[in-house]
Amino acid sequence: MADVQKAWMYKEYGNFQQVLKLEQIDVPEIKPHEVLVKVHAAGLNPFDFKRGYGVIKSFDSPLPHVPGFDVAGVVVKVGSQVSKFKKGDEVYGDINGDIVEGQARQYGTLAQYTAVEEKLLALKPKNLSFVEAASLPLAILTAQEGLDRADLQEGQSLLVTGGAGGVGSLVIQLAKEVYGALVVAATASTKKLEFLKSIGADVAIDYTKENYDELPDKYDVVYDSIGDYPKSVKAVRDGGKVIEIAVFEVEPPAFSFRLVAKGENLEKLTPYIESGKVKPILDPKAPYKFSDVLDAFAYLETGRATGKVVIALIE
């Protein structure tokens, strides 16, 4: 195995179109509880470019950074205290467990190799390609943790804003297939309404024509994936809960949370993924080539992606 690798890196904060460059860097050394993963695919998230702008600068790891939280690939080396995985295992995960307590990793997944703590990984579901698997970790863990914290119960109703997005499209599926919600409503633009219904939404609300907060229906849980607070609170019934993942200064019944990624939570979802009840949603433009990372981020930053944007390092 080579000692150096190609990786996308920024050495100063700013717009990725100006600061993100393809570089040659060392392949990372692994610690006793880590594995080295040969990256087959890396999922992009809005937080990647927000971090690049410096939103967590005050507690981030030191520059330079290789962006990327989500990975799917093959274990090529295991640390001395790793017991869960072996060389050759196909794995996926969000490589950052807790970005506040533990700092986001300096070297992320937009590289040929990445080092990951074993507790953050799970075996890749057998029915998924690497590209499909790489689209899931951060988004599906965010969807899952929000629904857990809101204590969504079987037979309840849920509204999700941004239902066609990376997190929103998984909230819809988890709410119906895992949590047993009776009614799931979701917002999107006109051309995405049929897509919402195809992934399980019972009610598709065209935000270009209707204000969801002015409609008569109220919901047990509102999952606001787009930062629509305090408007989101107007759609919840008395005693209900509003989950905010893009706004952090909120008041009850709204709450926000910080995701703490865990491989064991991905493992809980494996039966639903392998049975086809929960499906990864890739944007039609995905996957992008490793050489086209800047184009992928430019598209992601428009906010128009349906599902997830993924980079394929190995086709």
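A: In this predicted model, helix α4 passes helix α5 in a right-handed crossing. Two packed helices are described by the angle between their axes and the distance between the axes. For α4, which spans residues 137–150, and α5, which spans residues 166–177, the axes come within 8 Å and cross at roughly 50 degrees. An angle of 65 to 115 degrees would count as roughly perpendicular and one under 35 degrees as roughly parallel, and α4 and α5 are therefore oblique to each other. On the α4 side the contact is made by Ala139, Ile140, Thr142, Ala143, Gln144 and Leu147, which meet Gly166, Val167, Leu170, Val171, Leu174 and Ala175 of α5. By class, the residues of this contact between α4 and α5 comprise nine nonpolar and three polar, with no charged residue among them.

In the loop between α4 and β8 (157–161) lies aspartate 151, a residue that has a positive phi of about 55 degrees although it is not a glycine.

The residues of the α2 and α8 contact divide into five nonpolar and two charged, with no polar residue.

Two cis peptide bonds belong to the loops. One joins alanine 286 to proline 287, with omega at about 0 degrees, and proline 287 is found in the loop between α7 (263–274) and β14 (288–289). Another joins tyrosine 229 to proline 230, where omega is about 5 degrees, and proline 230 lies in the loop between β11 (219–224) and β12 (236–244).

There remains the second largest pocket, which holds about 470 Å³ of space. It is lined by 24 residues, of which Lys31, Glu34, Gly102, Arg105 and Glu117 are the closest to its centre. Strand β6 (residues 113–117) gives the largest share of this lining, with four residues. Sorted by class, the lining of the second largest pocket contains nine nonpolar, eight polar and seven charged residues.

Note on methods:
Residues numbered from 1 in each chain as written. Predicted model: local features only at pLDDT ≥ 70, side-chain atom pairs only at ≥ 80, totals over all residues. Heavy atoms only, no water. Axes fitted to C-alpha atoms, helices over the stretch in contact; angles between N-to-C directions. Parallel < 35°, antiparallel > 145°, perpendicular 65-115°, else oblique. Left-handed = near helix turned anticlockwise from the far one by under 90°. Contact = heavy atoms within 4.5 Å. Nonpolar A, V, L, I, M, F, W, Y, C, P; charged D, E, K, R; others polar. 1 Å grid on protein atoms, 1.4 Å probe; cavity = no way out; pocket = protein on both sides within 12 Å on 5 of 7 lines; lining within 4 Å. Points joined across faces, edges and corners; volume = space filled by probe spheres on them.
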